Amino acid sequence: MDNNQRGCLAEYLFATECMKRGYQVSMPLMDSSLYDCIVDTGKNLLKLQIKSSIKTPDNDRHNSVHIPLQNNKRYYSKEKIDYFAVWSEFFSGWFVFKNNGEMQSIRVSLTGKNKKYFNNFAFE
């Protein structure tokens, strides 16, 4: 599977997971949109950027994976993107977190400070 296929699959898997949890999900018709989907929580409409990673930990000392969020093509300001949803193949799950407007990347794990984002679909 190439990167484009992996990204498309992640978008649909995320939308399906949101629908299982009772959220309404809308997706743009064109791939030129900054956001990949809008999640309707019943209180808010949230714009999400969805990422997918097949990375594994950098070394044996750290059981964490470093995942880039920004790229040289796009900047995801917090005015344009409310949340990131990152699928980690290594952890077999989603890391869902609010965009603070300054993040270039995130280090995810099941034990570090970002463990609170693992499969957290609370959107608070």
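Asp 36 sits in the loop that runs between strand E1 (24–26) and strand E2 (37–40); helices (H or I, at least four residues) and strands (E, at least two) are DSSP runs, numbered from the N terminus. This is a predicted model, in which local features need pLDDT of at least 70 and side-chain atom pairs count only at pLDDT 80 or more, while totals for chains, interfaces and linings use all residues. Residues are numbered from 1 along each chain as its sequence is written, and side-chain values use heavy atoms, with hydrogens and water left out.

With a relative accessible area of 13%, Asp 36 is buried (under 20% relative accessible area, 1.4 Å probe, protein chains only). Its side chain lies 2.7 Å from the backbone nitrogen of Ile 50. Leaving aside neighbours within four places in sequence, the contacts of Asp 36 include Glu 11, Met 27 and Pro 28 (contact: heavy atoms within 4.5 Å).

## Helix H1

Helix H1 covers residues 3–20, 18 residues in all. From first C-alpha to last it reaches 26 Å, close to the 26 Å expected at 1.5 Å a residue; the expected span is 1.5 Å times one less than the number of residues.

The buried residues of H1 are Arg 6, Ala 10, Phe 14, Ala 15, Glu 17 and Cys 18. They pack against E1, E2, strand E3 (45–53), strand E5 (83–88) and strand E6 (93–98).

## Ends of H1

At the N-terminal end, Asp 2 caps H1, with a side-chain oxygen 3.1 Å from the backbone nitrogen of Asn 4. Gly 22 follows H1 and has a positive phi, near 90°.

Key: Buried < 20%, exposed > 50% of the residue type's maximum accessible area, 1.4 Å probe, protein only. Polar contact = N/O pair within 3.5 Å; in protein donor to acceptor, adjacent residues only side chain to side chain.
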